[in-house]
There are 2 protein chains.
Amino acid sequence: MRAAVFRASHDIGVEEVPNPVIRRPGDAVVRVLMACICGTDLWAYRGMTDRRPGQRIGHEFLGVVEELGTDVTGFAVGDLVVAPFVWSDGVCGYCAEGLTTSCEHGGFWGQEGSDGGQGEAVRVPYADSTLVALPSEAASDQRLLTALLTLSDVLGTGHHAAIGAGVRPGSTVAVVGDGAVGLCGVLAAKRLGAERIIALGRHPARTELARTFGATDVVPERGEAAVKAVRELTRGQGASAVIEAVGTERAMRTAVGIARAGGSIGYVGVPHGSAAGLDLDVLFDRNIALRGGIAPVRRYIPELLPAVLDGTIDPSPVFDLSVGLEEVSAGYRAMDERTALKVLVTL
Amino acid sequence: MRAAVFRASHDIGVEEVPNPVIRRPGDAVVRVLMACICGTDLWAYRGMTDRRPGQRIGHEFLGVVEELGTDVTGFAVGDLVVAPFVWSDGVCGYCAEGLTTSCEHGGFWGQEGSDGGQGEAVRVPYADSTLVALPSEAASDQRLLTALLTLSDVLGTGHHAAIGAGVRPGSTVAVVGDGAVGLCGVLAAKRLGAERIIALGRHPARTELARTFGATDVVPERGEAAVKAVRELTRGQGASAVIEAVGTERAMRTAVGIARAGGSIGYVGVPHGSAAGLDLDVLFDRNIALRGGIAPVRRYIPELLPAVLDGTIDPSPVFDLSVGLEEVSAGYRAMDERTALKVLVTL
């Protein structure tokens, strides 16, 4: 089959790779209908994460079940399914607690020896606990299908950030990061009942989308000026709930600066220097909590799926560029150059 | 009156200072019966915090109301009262939320222009919201009075750490720090229903006290060896609730290392390098939350006071040395040299 492969820094392309086959009785093989490129894939593209030439890539996909191991009971061939970005056994202590990203038998699409989401098909371990069924009618609705694809990562990650930030009805929320995850954080915060949502960003297309998703205020300033601006909007106190969806030192420094005493920072930006922006003296003095991490999105799908299906939330506009699998390298370039917000890969 | 005064690094002694007087209608003057020396006073003693010669010191005290401003309605002259380590107005947004340490009109005993707890009397701003009445019978019970004194800081701070660590019935808790706060963290965790409490420490008198307070296991190892030992006690996973009650890099590094995925670190050790021990990559991968900070102990007194009065918890053994006010410098020396765990100052 054809699949995206990491060759070297700034060189990800499509190659012929072995077809996935059932290896264990709990496996499924899923024929991919839609995949996409994540901000974290960019770290690999830029050569900033440890990845070997030939390794697969992509961890977000939905598709149709093509083959099932003998132990799989929850799915039938032909079912439309979405996969979270981590597979999980569903039975270990962590899975029982909903922390599927710490599953004792879990793993990531694209890790060595596994298929990536950006390819024609994927072998899915622990299919019964990993995959989630989607209504078959969705397959004929491109807009809905695109919205459902966000359940595999960005929507659940934005939701995780909002949960970590402690968003509840009436909250004042500030969102650092105008990427797809930050925007999904806006959407999640709105769904959780936030009254005021301050989006930090200066890219017009993105801040417009933030407003569509529920942002009540947009702060284009950066750094100290952004902190000042958010404080001016919040009677000098800052936001009780802060979402940090970048992972850099500057983003975290801003998040700390705009957090209200007694509030929480929900962080989902993979740390790339953000520890240096985490001023512990400030967190201590103001009793600001830091909660977040890699999002156990599998846990959130049952809650978020109905909201996407009934149109309560529509995350599909985070995709502003669509490419075919063979053009995936153009998709990476577009995201790397920030000409695209998030790239859909259709098959 | 006589009061402890910071003169220079390693030189805190008792001097004659002005008697406190009512300055505002909400003030009270409290005649001190008991005060004590806190681990954070040691940072001042060692010259590691910004303090000017002549500045008062001590932030934990209980005593008898001697004089009242005209606006004070909740107390009468002669009432036995305990003071939390921060005064607070009781009406601002933060106070309404229980975050008294962020009170818009709050302050610390011993800050410039205010009395310290280690002295014969203290002017108490916002007396109605700051002070808490104690039963007058307690005045004749030295053991009980000593236990009640811990409400002013260490007991509430240990409780705040346990809350930050997410302790609940059945929790497995690990406590980094065998000082008075760490030990009160053990006591608080036990009261909150922790099933297993692992105390890290190697000082026999302290670890014995930890066991008295409810520790089920003691780990004398340090650093990496401590992490290994705690993991061995917890099926390799670590403790869901970790209390960090030191504030140093090593303590925080250990706290991160022994925290179970999905758990929380409740930190109350004033950061003195601890940020460097906060490995954000690990927190992120394991979804470990960091919650804590300066404890709003005023908020906790109504909950903890009954437990101390009815003997559910007895924190009084954290005091292992008692000195008169005139001997306070000997008390500092003893704590600095770790020959005393916590020093009571009686008047």
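The expected span of a helix is taken as 1.5 Å times one less than its number of residues, and helices (H or I, at least four residues) and strands (E, at least two) are DSSP runs numbered from the N terminus. The model is predicted: local features need pLDDT of at least 70, side-chain atom pairs count only at pLDDT 80 or more, and totals for chains, interfaces and linings use all residues. Residues are numbered from 1 along each chain as its sequence is written, while chains are lettered from A and ligands numbered from 1 in the order in which they are written.

Helix 11 of chain A covers residues 297-309, and its 13 residues should span 18 Å at 1.5 Å a residue; the end C-alpha atoms lie 17 Å apart, which agrees. A bend of about 45° occurs at Glu303(A), and Pro306(A) follows within four residues; the bend is the angle between axes fitted to the seven residues ending at a position and the seven starting there. After helix 11 of chain A comes Gly311(A), with a positive phi near 80°.

Burial was assigned from C-beta atoms placed from the backbone (buried, 20 or more others within 10 Å; exposed, 12 or fewer; partly exposed, in between). In helix 11 of chain A, the buried residues are Val297(A), Arg298(A), Tyr300(A), Ile301(A), Leu304(A) and Val308(A). Their cover includes strand 6 (86-87), helix 3 (127-130), strand 9 (132-134), helix 4 (142-149) and helix 5 (154-164) of chain A, where contact requires C-beta atoms, placed from the backbone, within 7 Å.

Ala251(A) is located in helix 9 (residues 249-258) of chain A and counts as buried because 23 C-beta neighbours lie inside 10 Å. Beyond neighbours within four places in sequence, Ala251(A) is in contact with residues including Val176(A), Gly177(A), Glu244(A) and Gly269(A).

Between the chains, 24 residues of chain A are in contact with 24 residues of chain B. On the chain A side, two or more residues are given by each of strand 14 (259-267), helix 10 (280-286) and strand 15 (289-292). Helix 10 of chain A supplies the largest share, 6 residues. This side has 13 nonpolar, 6 polar and 5 charged residues, with Ala, Val, Leu, Ile, Met, Phe, Trp, Tyr, Cys and Pro counted as nonpolar, Asp, Glu, Lys and Arg as charged, and the others, Gly among them, as polar.

Chain A superposes on chain B by a rotation of 180° with 0.0 Å of shift along its axis (RMSD 0.0 Å), which is the relation of a two-fold axis. The superposition was by least squares on C-alpha atoms of residues with pLDDT of at least 70 in both copies. In chain A, the C-alpha of Leu290(A) is nearest the axis, at 2.5 Å.

Note on methods
Contact = placed C-beta atoms within 7 Å.
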